[in-house]
Amino acid sequence: MATTSLKLPDELKQRAAVAAQELGVSPHAFMVDAIRQAAQAVEQRSSFVAQAREAKAEMLQEGLGHDAHDVRVYLRQRLKDGQASRPDKKPWRE
């Protein structure tokens, strides 16, 4: 395991120590978990952006997409009972 030195402003170090104590963990464990969560959030965002770019490229190539009204109905149904059939894609180019 690698060792890293981290210089923090005194106020932030104190806040981290208080938060760690509230959670019942060491300040070190608190900081390691905070870094892990931040890295995971960046990785997840990068994945979402990549998926969105792929979907956009596919939509532009096919000329098909989902009608906004159909998507709203689909999402409401999924929230209501967890099951819904995805709406069909429709041509969006005139």
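The legends below accompany an overview and several close-up views of a predicted model.

**Figure 1. Overall fold of the predicted chain.** The secondary structure comprises three helices and two strands, which follow one another from the N terminus in the order α-α-β-α-β. Along the principal axes, the C-alpha atoms occupy a box of roughly 60 × 30 × 25 Å, and the radius of gyration of the chain is 22 Å, whereas a compact globule of 94 residues would have a value near 12 Å. Buried residues account for 6% of the 94 residues, and the chain exposes about 8,600 Å², of which carbon and sulfur atoms supply 54%. Among the contacts with a separation of 6 or more, 43% are made by residues 24 or more positions apart.

**Figure 2. The salt bridge between E11 and R15 in helix α1.** A search of the whole structure finds five salt bridges, and one of them pairs E11 with R15, whose closest N and O atoms are 3.6 Å apart. The two residues are separated by about one helical turn because they stand four residues apart in helix α1, which covers residues 10–23. Both E11 and R15 are exposed.

**Figure 3. The salt bridge between R36 and D33 in helix α2.** The side chains of R36 and D33 meet at an N to O distance of 3.2 Å, and the two residues lie three positions apart within helix α2, about one turn of the helix. D33 is partly exposed, since its relative accessible area is 32%.

**Figure 4. The salt bridge between K89 and E58.** Side chains of opposite charge can pair when their charged atoms come close. Here the side chains of K89 and E58 meet at 2.7 Å, N to O. The pair links distant parts of the chain, with K89 in the loop between α3 (68–81) and β2 (90–91) and E58 in helix α2, 31 residues apart. K89 counts as partly exposed at 37% relative accessibility, and E58 is likewise partly exposed, at 36%. Salt bridges with shared partners join E58, E62 and K89 into one network.

**Figure 5. A nonpolar surface patch formed by M59, L60 and W92.** Together, these three residues present about 250 Å² of accessible area. L60 belongs to helix α2, which spans residues 27–62, and its relative accessibility of 39% is why L60 counts as partly exposed.

Conventions. Residues are numbered from 1 along each chain as its sequence is written. This is a predicted model: local features need pLDDT of at least 70, side-chain atom pairs count only at pLDDT 80 or more; totals for chains, interfaces and linings use all residues. Side-chain values use heavy atoms; hydrogens and water are left out. Patches are made of residues with over 30% relative accessible area and no salt bridge: like charges are joined within 9 Å, nonpolar side chains (Val, Leu, Ile, Met, Phe, Trp, Tyr) within 5 Å. Accessible areas come from the Shrake-Rupley method with a 1.4 Å probe; for residues, only the protein chains shown count as cover. A salt bridge is a side-chain nitrogen of Lys or Arg within 4 Å of a carboxyl oxygen of Asp or Glu. Buried means under 20% relative accessible area, exposed over 50%, partly exposed in between (1.4 Å probe, protein chains only). The radius of gyration is taken over C-alpha atoms; the globule rule is 2.2 Å times the number of residues to the power 0.38. Contact means heavy atoms within 4.5 Å.
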